[in-house]
Amino acid sequence: MNISTFFIVSIAWLLSLPLMGAQRPADVSCLSADTVSTAKQKGKERQVAIYYNIKDHLTHEVVKLRKAELLWAADSSFADSVEMKYVESEGWKSSFITTTIKRPGQYLVLAEADSFKTQYVPLVIKKLHKSESYRDMGTIYMRRLPKRQEIDLDEVVIRATKVKFYMDGDTLVYNADAFNLAEGSMLDALLKKLPGVSLEDGGVIKVNGKKVETLLLNGKNFFDSNKELILENMPAYMVKDIQSYERVPERYKGTANEKTAKKELVMNVRLKREYEKGWIANVEGGQGSSFFHNDRGRLDYKFLGRFFGMYFTDNSRLTAYANANNMNVIRTPGEDDNWNPAEQIQGLTTTYSAGLNFSTSKDDAYRYDASLDASYMESEDKENTSSATFLEGGDTYGRSFSERCRREWSLSTAHRMTLIRSKIWKETLKGIFSVANADATLKRWDNHSTSGSATLSDDMAFNLGHAWMDSIMNPQASNLLKRFAINRNTSRGKGKGHSFSESVSGFLICSPAYNDFIVLQLQAAHSLNDRTDKAFEHYYLDYPASDDGMKADFRNRYRPDIDRNWQVNVNPSIQFILDKRRHHSLQWSNNTLYKHSYSNRPLYLLNTLSGWDEAESTASRYPLGSLPSVDEMMSTLDGHNSTLSRSSQLQYTPSLKYSWNIFDEEDMSRYTMLSLAISSNINRETLDYQRGTQIDTLARRTTTLLSANMSVFHTVADKGRDIDFAYGFSKEAPSMIHLLNIHDDSNPLYITQGNSHLSNSSTHSLSFSYREKYGKTMFNTSLSSSIRCNAVAMESLYDKTTGVQTVTPRNINGNWNTVLNVSVDMPLAKNDRWRWTQEMGHTFTNSVDLTGTDATMTATKSTVRTHFLSDHTAITWTPCNKVEIAADGRLTYQSSSSSRIGFTPTHALSFQYGARAQLNLPWDIQMSTDLTMYSRRGYSEPSMNTNELVWNARLAKSIPKCNLTFLFDGFDILGNLSNVRRYINAQGRTETFYNVIPSYGLLHVVWRFSKKPKKA
């Protein structure tokens, strides 16, 4: 029996199951699973549970009922009792009623609430169906009675001790006002202060080690596509509190598997009342300069400007933002941002960006989000590098430099339409939830570059002197280069290009109208990417120390690359709930992917034309970027290294997943899930590949690769406890390009080859995590490991006489790693004024590759074992609401060893220690400062063992009457931060000088604006 037959038989068997009545999982709109009490089946009697939400017809806020009954429509006599539920949980409120209909008929639903008119809602039940347990009847909107005369009492102010965070049921609530923040801080600075919360690159937020899936603003989705936007631009003073809780994903609410769906962690940012409606804005501008002169004897000037404005109502939001700065990254002195000199952004970058975001919604019907973003970026990167490459029989040494300038324009738009509990096809389907996404991005860029390098047979690079860059660029080699330079190359390049990408995707989930044991899902997506890049280069390579008089190689290259690809993805699935208590389910899906790619990468060697073949004459007669006539240019095509390819891929991935869910109807905060899944990846690929005279082939391949996954998940939401275990096995086929017999020498110093004998690779992965909250103590640990079998590695052969490296893909075994992390965040005193954070980690990597030299012409297996240990401890003291002092230390230790001949073991230690403080000084001046020593030890090269003492500080003065705040920031005030980064690994040692933002001061001012709507 083949796989397809197996799936067909399985589905037929499942459809034949006697699906009897079941329980209603939860209210379709916003009910928490632990609030729903469903009617039980008695014998063969058919009955159905009816649900109504209760809301204010004008504000759509939930309304708590005083009385509800089910009446007969004919005479308004009593028919049955109605259960009323009012719930406040997980950061939201819910009010609903439920009753059980035991026979068809015409009814009236009576609803009464204080200060509201009594409502009589007609209810017609024509038929009770065998496999139906509930019906969502929508919302009863209550209308308020006319207001009575109100008397305003004098304001009463209650002052209480500020609690930093507390548990509200199963919701973790952080009080924003209880944390000391520097004036002018944004939302990201507030998140870094919260116990147990970490903020990573890309806007990734984690609470006690678990990733936040959705960021909400006042309970509604906000900037899902770009979390960094709200984090970096929303002022922290607007925030009242931040909630963290787990909820059923929005797409599963109101469906048959609401109770059994794995919950997601969300973070809800709640604004202060004065900022919940109306206009708000925050404008900031500043200018400054470096404290010291640069290498050209000048001061570097810095500027900063940004605007954030928002118009907010109950059901809509309009946001505008703008940014302009040349500071690479905006940091705040005194913040605990895990920064260290190794993370210093290289280069100088100036960015301008602006955008609009719009959102409108109706709770029971739809939500629409749209954004438009534009940006412009200029960057200037400079690198000067000294290096050593470890080789058997003697190392080689290098000196290189590069200068790159890039300008980029970008325009993007994104749209998202969400239909919530759509009533379309209500006689056929129910619980319908659908999402449609569409986005597009247009980019253009223009760049220039200059680079040069020399590979030396002896460590004589330091003898090149201060003018070593000129020495490398000079066509006439110096005596030093003639003695020791294995090779020397220089390059000047420029290019421009553009790209366009768009994608459309959709998601739909629903159930048959009268069957609560089947859940249907459909995911579909389409994407298109089109990229054109035109690159020009003048490349010169010679061998100054060659005794054979090897000829210099000058190439005037032009590459007009075109890459296009589009793909369509459709993934239908059907889930069968196998028992009436919803503990067992089986899901079948078949993901179908079709992908088509086109790539045209010609290489033109313009130096083959008369007059274009000399570097000096090229610079004057034919400047970089010049092109000959079309006919002349076609005659310069380097067919050996020009490629034209078309590929298509049709992939079927049928999968079967069994889930066993254990939960308590009365306490849905406790939940356990076991899932087993197996899938088969059937991949049919076609590659039409042309590479000049080397190869012209039409290759086809069909592969069937199995994968399997097992996971166990247990949670106790009110204790913040999560236990997660997962195992996965997967197989992967090598790239078809790697299988072709090709030889690419377009870069004469780096030659790549194909290998038709590559085998499939496989990966085993294992992970375990445990996190829990004990009172105000947060604990988190995780362990993961992966083993890679038949991994594709790049075998490298190095020619020591020419410096040419030839790489070939090979299968190799022995690559594996493990990662262990433990963290704890706990108070040291009952009043939470002392707090201690401890994070420890260990990573072990067993890395295997193949290396060799021209002496043997065969690569040997090289295994490097690396231990990486990390530790971070911090203590924070908050004696009062105006003072915060913290001390912390970090340590990282790396140990690398190998049995390879000539390998030098590495035992390197990096550590830092320091303190930060936030103080209120006289005249209402606030000071935020941090002082940290960054040190390195254990390197055999003395210059790599360094100490860097870095001091940053901010002074702030607010003028509340004018809504103004003046700030002065000083970064690296002592001027000790080095722009040199040194690295060492199994392959060699490098020392690189970067152009970076130096120590500087910045004076800026912030203006706040808010306007509340007029009262009706």
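Two strands count as paired if DSSP finds at least two bridges between them, and strands here are DSSP runs of E with at least two residues, while helices are runs of H or I with at least four, both numbered from the N terminus. What I am showing is a predicted model, in which local features need pLDDT of at least 70 and side-chain atom pairs count only at pLDDT 80 or more, whereas totals for chains, interfaces and linings use all residues. Residues are numbered from 1 along each chain as its sequence is written, and side-chain values use heavy atoms, with hydrogens and water left out.

Let me begin with the overall picture. If we take contacts (heavy atoms within 4.5 Å) with a separation of 6 or more, 69% of them join residues 24 or more positions apart.

Six strands form an open sheet with mixed pairing, in the order β9-β10-β16-β17-β14-β15, and its edge strands, β9 (165-168) and β15 (220-221), each pair on one side only. Within that sheet, β16 (residues 239-247) runs antiparallel to β17 (residues 264-271) over eight bridges, and Val239 stands opposite Leu271 in β17.

Finally, the cysteines. With a disulfide taken as a pair of cysteine sulfur atoms within 2.5 Å, the count is zero. Cys880 is partly exposed at 34% relative accessible area, and Cys962 is also partly exposed, at 42%.

Terms used
Buried < 20%, exposed > 50% of the residue type's maximum accessible area, 1.4 Å probe, protein only.
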